[in-house]
Number of protein chains: 2
Amino acid sequence: MIRVGIVGLGNLGKGVEMSLKQNPDMELVGVFTRRDPAGVTAGAPVYSISQLNDFAGKIDVMILCGGSATDLPEQGPVLAKLFNTVDSFDTHAKIPEYYAAVDAAAAQSNHVSIISTGWDPGLFSLNRLLAEAVLPEGNEYTFWGRGVSQGHSDAIRRVAGVKRGVQYTIPVEEAVNRVRGGENPELTTRQKHLRECFVVLEDGADAELVAQTIQNMPNYFSDYDTTVNFISEEEFTSTHTTMPHGGMVLRSGRTGESSTQIIEFGLKLDSNPEFTASVLVAYARAAARLAAKGDFGAKTVFDIPFGLLSPKAPDELRKNLL
Amino acid sequence: MIRVGIVGLGNLGKGVEMSLKQNPDMELVGVFTRRDPAGVTAGAPVYSISQLNDFAGKIDVMILCGGSATDLPEQGPVLAKLFNTVDSFDTHAKIPEYYAAVDAAAAQSNHVSIISTGWDPGLFSLNRLLAEAVLPEGNEYTFWGRGVSQGHSDAIRRVAGVKRGVQYTIPVEEAVNRVRGGENPELTTRQKHLRECFVVLEDGADAELVAQTIQNMPNYFSDYDTTVNFISEEEFTSTHTTMPHGGMVLRSGRTGESSTQIIEFGLKLDSNPEFTASVLVAYARAAARLAAKGDFGAKTVFDIPFGLLSPKAPDELRKNLL
């Protein structure tokens with residue numbers, strides 16, 4: 001049995017709790033929260049984050065479910081001193097810095113910390129690497145969606161007059177088809193993705209002004225074809241409160257004289273946090289196994305053989321899945 | 001520079017030769033053939049297979065390009081005693097036996113041998129394992145094609161009255177769409193793939209009899225909807241002498257209360273042997289690196305972290321591809 005802890009019980013932490021139930025070789029020892037534990041219900045004992053020190057040696061892997069903006073940069077290095085850890089740190093530009101901080105802590109304390117798992121970074125990164133290694137001459141295309149972008153939805157909700165809002169990122173079908181057809185197109189930002197917004201207005205708000213403010217917002221929307229739909233609060237609640245996402249990584253390469261070779265990896269997810277949680281749990285298994293073999297330090301998905309992700313034994317994998 | 005040798009110069013060996021040109025960190029030292037070397041031209045010196053012993057210590061990885069039916073079961077274990085090796089052994093049912101034979105030879109002589117690379121087994125296997133580890137509750141579907149099946153084409157050519165013949169395996173689009181739609185259908189053999197044959201008849205052959213003989217052939221065709229098209233030799237030569245292939249591995253899983261999560265990996269290949277060769281070359285890089293670190297024994301794609309496949313340094317991979 002691999003003994004697991006969860007730090008942070010938002011959507012991601014709840015997803016980890018559910019995923020662990022599908023993995024009988026893992027056991028949830030406790031959930032750690034910044035809130036008052038008395039007010040939190042979970043499928044395992046709930047503790048204050050201040051009690052984490054008491055669990056050193058009693059938990060094989062701690063799954064960090066905090067946010068990448070402020071939680072993980074602080075918690076990752078601190079917790080890597082006490083536990084083997086897995087996280088889904090996803091601020092791409094800050095990965096080298098975060099890796100260095102976690103690596104120093106984990107190496108010094110003989111722990112394994114697998115950072116930036118999930119699907120992007122994570123499974124998409126694996127496919128970018130694999131496809132480039134196999135097809136060194138070629139072009140890589142990543143499309144995201146159809147799915148909810150948290151950052152863009154937050155941006156909408158900061159606009160005056162918006163009561164509720166959500167934004168879907170949508171790959172432009174024509175662009176995807178051109179890539180799949182082996183055209184190797186050069187695509188601008190606008191040609192790759194559409195942005196579709198659903199907004200519930202505050203009473204008396206000016207719809208036209210809200211739409212223009214959103215569509216002209218630099219960085220977030222002005223470089224895209226953005227549509228803004230105004231809907232009732234009832235429709236919003238019934239249709240726009242789940243968190244679907246997905247996307248695809250394509251590589252269109254050339255081999256030999258003139259052969260076009262296309263590799264595509266795609267996800268279609270009803271629940272982004274539940275899927276990310278499931279990836280975290282599979283990498284938690286790998287972290288526990290690496291630590292048991294005496295390995296240590298920060299790792300990424302690039303360092304982990306897939307065999308360590310499965311509960312099955314190597315000979316069974318070779319026999320049935322190879 | 002990684003010094004590479006090729007054993008066997010059929011379509012796959014020629015593909016490896018071309019792939020090596022796209023990988024500037026690798027150098028082709030020699031090609032080894034069972035034929036008279038004087039009659040073989042290649043982009044590197046050509047030697048008789050009987051000279052292999054002279055190259056121990058002069059080649060970092062030997063890429064084995066023989067067939068799985070008779071060449072590899074014999075060559076794999078013998079060459080693993082002399083060299084680090086990579087192969088694309090693809091007789092699924094005999095992998096455990098082949099692994100054991102190669103492992104004994106490689107472990108005893110301190111070499112690394114990565115067996116059964118390519119795309120199925122190989123990249124498809126990796127995706128079956130990954131998707132099952134991330135989504136333990138769910139169903140896996142592998143579709144092959146549209147592409148040339150060598151075994152089925154050979155079977156056609158053994159039918160009396162057939163001068164030339166080729167068989168394409170084609171996924172049934174409706175089945176693929178049902179899986180992508182999250183239906184988790186149970187699919188029979190017939191519901192998953194079609195078989196399409198193109199045949200040039202011998203002079204005076206009975207077309208109807210040839211078609212029926214093909215369509216009723218047990219194991220190969222009788223469990224499938226099989227169409228047989230009769231064409232001229234000119235059309236055959238101009239349209240049906242390349243080796244496209246591809247396919248997809250899908251997993252449709254469930255997480256949480258009722259979220260459907262779909263993972264799809266697909267290939268669309270103008271040239272099956274050139275693509276398989278490109279995979280072999282990426283794994284040859286990994287074999288050389290593992291051996292340089294003192295590792296040994298037989299390995300499969302399940303044992304190899306993706307980071308070892310890329311010529312780029314780990315920090316560059318984390319910065320640019322994660």
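In which strand of chain A is His245(A) found? His245(A) belongs to strand β12, residues 245–255 of chain A, where helices (H or I, at least four residues) and strands (E, at least two) are DSSP runs numbered from the N terminus.

Before selecting anything else, note that this is a predicted model, in which local features need pLDDT of at least 70 and side-chain atom pairs count only at pLDDT 80 or more, while totals for chains, interfaces and linings use all residues. Residues are numbered from 1 along each chain as its sequence is written, chains are lettered from A and ligands numbered from 1 in the order in which they are written, and side-chain values use heavy atoms, with hydrogens and water left out.

**Stop 1: His245(A) and the annotated positions**

Keep His245(A) selected: it counts as buried because its relative accessibility is 9%, buried meaning under 20% relative accessible area, exposed over 50% and partly exposed in between, with a 1.4 Å probe and protein chains only. Its side chain reaches the backbone oxygen of Val148(A) at 3.3 Å. Leaving aside neighbours within four places in sequence, the residues in contact with His245(A) include Trp119(A), Trp144(A), Gly147(A), Leu269(A) and Asn272(A), contact meaning heavy atoms within 4.5 Å.

Not counting residues up to four places away in sequence, Asn272(A) touches Trp119(A), Met243(A) and His245(A).

**Stop 2: Gly247(A), also in β12**

Return to strand β12 of chain A and select Gly247(A), which counts as buried because its relative accessibility is 3%. Its contacts, again leaving aside neighbours within four places in sequence, include Phe124(A), Phe143(A), Trp144(A) and Phe265(A).

**Stop 3**

Begin at β8(A), which pairs with β9(A) in the antiparallel sense over 2 bridges; here Gly147(A) stands opposite Thr169(A) in β9(A). Moving on, β9 (residues 162–171) and β10 (residues 193–201) of chain A are also antiparallel, paired over 9 bridges. β9(A) is mostly covered, with 8 of its 10 residues buried.

**Stop 3: helix α1**

Finally, select helix α1 (residues 11–21) of chain A, where the buried residues include Leu12(A), Val16(A) and Leu20(A). The buried residues of this helix pack against β1 (2–7), β2 (26–33), β4 (61–64) and α10 (272–292) of chain A. From Val16(A) back to Gly247(A), the C-alpha to C-alpha distance is 22 Å, across a sequence separation of 231 residues.

Technical notes. Two strands pair if DSSP finds at least two bridges between them. A polar contact is a pair of N or O atoms within 3.5 Å; within protein, one must be able to donate a hydrogen and the other to accept it, and residues adjacent in sequence count only if both atoms are side-chain atoms.
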